[in-house]
Amino acid sequence: MKNAMKPIQVGLLGIGTVGGGTFAVLKRNQEEIRRRAGRGIQVTMVADLDVARARSLVGDAAAVVADAREVIANPDIDVVVELIGGYGIAKTLVLEAIAAGKHVVTANKALLAVHGTEIFAAAHKKGVMVAFEAAVAGGIPIIKSLREGLTANSIQWVAGIINGTTNFILSEMRDKGLDFDVVLKEAQRLGYAEADPTFDIEGVDAAHKATLMSAIAFGIPVQFDKAYVEGITQLGAQDIQYAEQLGYRIKLLGIAKRREGASSGIELRVHPSLVPAKRLIANVEGAMNAVMVHGDAVGTTLYYGKGAGSEPTASAVIADLVDIARLHDASAEQRVPHLAFQPDAMSDLPVLPMDEVVTSYYLRLRVADQAGVLARVTGILAEAGISIDAVLQREAREVGGEGSTQTDVIILTHDTREGTMNGAIAKMQALPTVLAGITRIRKEELA
Ligand code: HSE
């Protein structure tokens, strides 16, 4: 092996969970990584506010400073790894690192989903790489797969379980028949959910990741502001059980889908979805992640693994470092574009408003157990041109106990426009025999 090239020098901004894992794996596997990269990869500088803790982690192997700007200003540093998170100081530091001519590796999906256009443009202008494998689905090499492995394809759709916290909660709700609030508290106690789990449970984290995947899959700019985002806080254990009886599991999916025809564009949405129980992805349990990608040539593919955690995420960070080590001396044209498509060849396909999304639905209506109720409900659906796929009606006593005068009607529909479904739901909701808020969960066949 030719081995004249000097090691790539890396500066870590933040040495928490992922930074610690990156340092440890680079050290443990340094010889193999060097044989793959063709040169060594060395963390020679670390910036962290907790200098004492950082020092105890890296020993004498790297200089430890409190000020991230010392790393950026160091002319010997080739790559800055941003592991701070958030949109604030992380954005400033990433832009400063780019301006200083450093390549950047980041796990920061929030930053790229919201400010990616500005950051990638700055990097392109400066001729440096911004790599972000760790930003989506942790250790699963989904960015590499979408950007390079599937490059022959016209991608039709991407659908993923890309938030481990919510998948853990949904798995527990199903297994134990418990409601969301109870499971969330337990997940926090066990450390699966953060003290402030808002971004996870409201679907925001998944939407950041779906936004990044949509950009790479379809060559559109990152447009987090156009994503439809719905979390799992309104889901009841009851719906999970009804879905199960109908042959489905409920998963929080991040979906990016190409729509052709009259209103062509890209659907970009995160929401709970019924998924056929027989699909492999329906059986992804606990905190695991999985992403399905459908390309016109390859068909449907599935990627599975740990979406978070110290060494799984470090695995992705280091893969980016190896790419950078190999391409460091190559001209900018030889590199894979940040968003898979050449910057001057991006698509202007719009992200469609949610009303234009086409999908099928699970509806649950709490109704009075009287003659004609079902006929009125199905009449409204028929009037709207919404075709019914299946109906399940519970016996009133199963729902409300002996003597109950209420029952649940569950309806599965065929594909329809979201706007059309909204209109039908409003009409059904206005019926005096519909006794509570109608539950609507979208359904994806993923075939
Ligand atoms: N909070 C994320 C999750 C992990 O629960 O999957 C980091 O993206």
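This tour moves from the ligand and its surroundings to a single residue elsewhere in the chain.

The structure is a predicted model, in which local features need pLDDT of at least 70, side-chain atom pairs count only at pLDDT 80 or more, and totals for chains, interfaces and linings use all residues. Residues are numbered from 1 along each chain as its sequence is written, and side-chain values use heavy atoms, with hydrogens and water left out.

**The ligand.** Begin by selecting the ligand, then display the residues around it: Lys 109, Asn 163, Gly 164, Thr 165, Asp 200, Asp 205, Lys 209 and Ala 308. Each has a heavy atom within 4 Å of the ligand. By class, this shell holds four charged residues (Asp, Glu, Lys or Arg), three polar and one nonpolar.

Next, select Gly 164, where a backbone N or O atom lies 2.6 Å from an oxygen atom of the ligand. Such a pair is a polar contact (N or O atoms within 3.5 Å). Proceed to Lys 209, whose side chain places an N or O atom 2.8 Å from a ligand oxygen. At Asn 163, a polar side-chain atom is 3.4 Å from an oxygen atom of the ligand. Taken alone, the ligand exposes 260 Å², and the protein buries 82% of that (Shrake-Rupley method, 1.4 Å probe).

**Helices.** Now colour helix 8 (164-176) and helix 11 (204-218), the elements that give two or more residues to the shell around the ligand. Helices are DSSP runs of H or I with at least four residues, numbered from the N terminus.

**His 338.** Finally, select His 338, in the loop between helix 13 (310-327) and strand 13 (358-368); strands are DSSP runs of E with at least two residues. Is His 338 buried or exposed? His 338 counts as buried because its relative accessibility is 15%, and buried means under 20% relative accessible area (1.4 Å probe, protein chains only). Its C-alpha atom is 42 Å from that of Leu 246, 92 residues away along the chain.

How values were computed. A polar contact is a pair of N or O atoms within 3.5 Å; within protein, one must be able to donate a hydrogen and the other to accept it, and residues adjacent in sequence count only if both atoms are side-chain atoms. Buried means under 20% relative accessible area, exposed over 50%, partly exposed in between (1.4 Å probe, protein chains only).
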